[in-house]
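The sequence and structure are shown first.

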Amino acid sequence: MNETAAIETLLFVAGDEGLALSELAALLTCSTQHVYRLLMELKKECEQSENRGLTLLEAGEQYQLVTKKEYADIIRRYAVSPLSTNLSQAALETLAIIAYKQPLTRMEIDEIRGVQTSGSLQKLVIRGLIEEKGRVEGPGRAILYGTSHYFLDYFGLKKLTELPKLPEIAEMEEKFSEKESDLFFERFNEQFS
């Protein structure tokens, strides 16, 4: 197993919360010094290669894979393009969870949805519908997500209390015939019942 590739894989899966040096060392069953050397090797490879759009960022004691600054314009174009103007089912489910249960971490959202949500979260942050509301105290200092002021404007709300009550959402469940929607609402109702 290529350890540098393994670190890159783990950081990709961890998403915007990243992983601490000690977490990476435990997962790879090696010393933190060895992992740090591998991280610096990965960072150097990413920064020196013109064929890579990602780089390594150390935020606090967490390491994350992030896009290079020179690609910010293309990411903005994507965020406002017709390709991304409609929210996917996954993004809408993620947004609903955040709206009703905020603030919460990506791991908490993943647990409710039953799948990884880092892609949906990134899209919602880029669109300005959610934002960082703080960080959890303790190891990892995970980001807490909540809805933004733009979220209220986007959905024509003055305040969050205007969101439909949860029993109304259960009635909406009957209108959806897709199995994905049924599974989501089943998990959503379990979490909020």
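In helix α6, the residues R106, I109, D110, I112 and R113 are buried, where buried means under 20% relative accessible area, exposed over 50%, and partly exposed in between (1.4 Å probe, protein chains only). Helices (H or I, at least four residues) and strands (E, at least two) are DSSP runs numbered from the N terminus. Viewed down the axis of α6, the buried residues fall within an arc of 165°, so they line one face of the helix; the arc is that of the directions from the helix axis to the C-beta atoms. An α-helix has 3.6 residues a turn, so residues three or four places apart point the same way. M107 and E111, on the other side of α6, are exposed. G114 follows α6 and has a positive phi, near 85°.

The model is a predicted one, in which local features need pLDDT of at least 70 and side-chain atom pairs count only at pLDDT 80 or more, whereas totals for chains, interfaces and linings use all residues. Residues are numbered from 1 along each chain as its sequence is written, and side-chain values use heavy atoms, with hydrogens and water left out.

The protein contains ten helices and five strands. Of its 193 residues, 37% are buried. Among contacts (heavy atoms within 4.5 Å) between residues at least 6 apart in sequence, 49% join residues at least 24 apart.

**Nonpolar cores.** A nonpolar core is a set of buried Ala, Val, Leu, Ile, Met, Phe, Trp, Tyr and Cys residues joined through side-chain atoms within 4.5 Å. The largest such core has 19 residues, and L95, I98, L124, I130 and F151 have the most contacts inside it. At least two residues of this core come from each of α5 (89–101), α6 (106–113), α7 (118–126), β5 (143–147) and α8 (149–154). The largest share, five residues, is supplied by α5. Not counting residues up to four places away in sequence, F151 touches L95, A99, G128, L129, L157, L160 and L163. Another core, of 16 residues, lies apart from the largest one and includes L28, L38, L42 and C46.

T94 also belongs to helix α5. What is the burial state of T94? At 0% relative accessibility, T94 counts as buried. Leaving aside neighbours within four places in sequence, T94 is in contact with I109, R113, T117, S120, L121 and L124.

**Pocket and cavity.** Rolling a probe the size of a water molecule over the atoms shows where empty space is left. On a 1 Å grid over the protein atoms alone, a cavity is a set of points where a 1.4 Å probe fits but cannot get out; a pocket is an open set with protein on both sides within 12 Å along at least five of seven lines, and lining residues have an atom within 4 Å of a point. Grid points are joined across faces, edges and corners, and a volume is the space filled by probe spheres set on the points. Ala, Val, Leu, Ile, Met, Phe, Trp, Tyr, Cys and Pro count as nonpolar, Asp, Glu, Lys and Arg as charged, and the others, Gly among them, as polar.

| Space | Volume | Lining by class |
|---|---|---|
| Largest pocket | about 710 Å³ | eleven nonpolar, seven polar, five charged residues |
| Largest cavity | about 30 Å³ | one nonpolar, three polar, three charged residues |

The largest pocket is lined by 23 residues, of which D16, L65, V66, T67 and Q122 lie nearest its centre. Two or more lining residues are given by each of α1 (3–14), β3 (62–67), α4 (72–80), α7, β4 (130–135) and β5. Helix α7 gives the most to this lining, with six residues. The structure holds one cavity of 30 Å³ or more. The largest cavity is lined by D16, E17, A59, Q62, Q64, R135 and G140.

**Individual positions.** I126 lies in helix α7 and is partly exposed, with a relative accessible area of 44%. The C-alpha atoms of I126 and R76 are separated by 7.7 Å, although these residues are 50 residues apart along the chain.

P103 sits in the loop between α5 and α6, and the peptide bond from Q102 to P103 is cis, with omega near -10°. T29 is in the loop between α2 (21–28) and α3 (32–48). T29 is not a glycine, yet has a positive phi of about 50°; T29 is exposed, with a relative accessible area of 69%.
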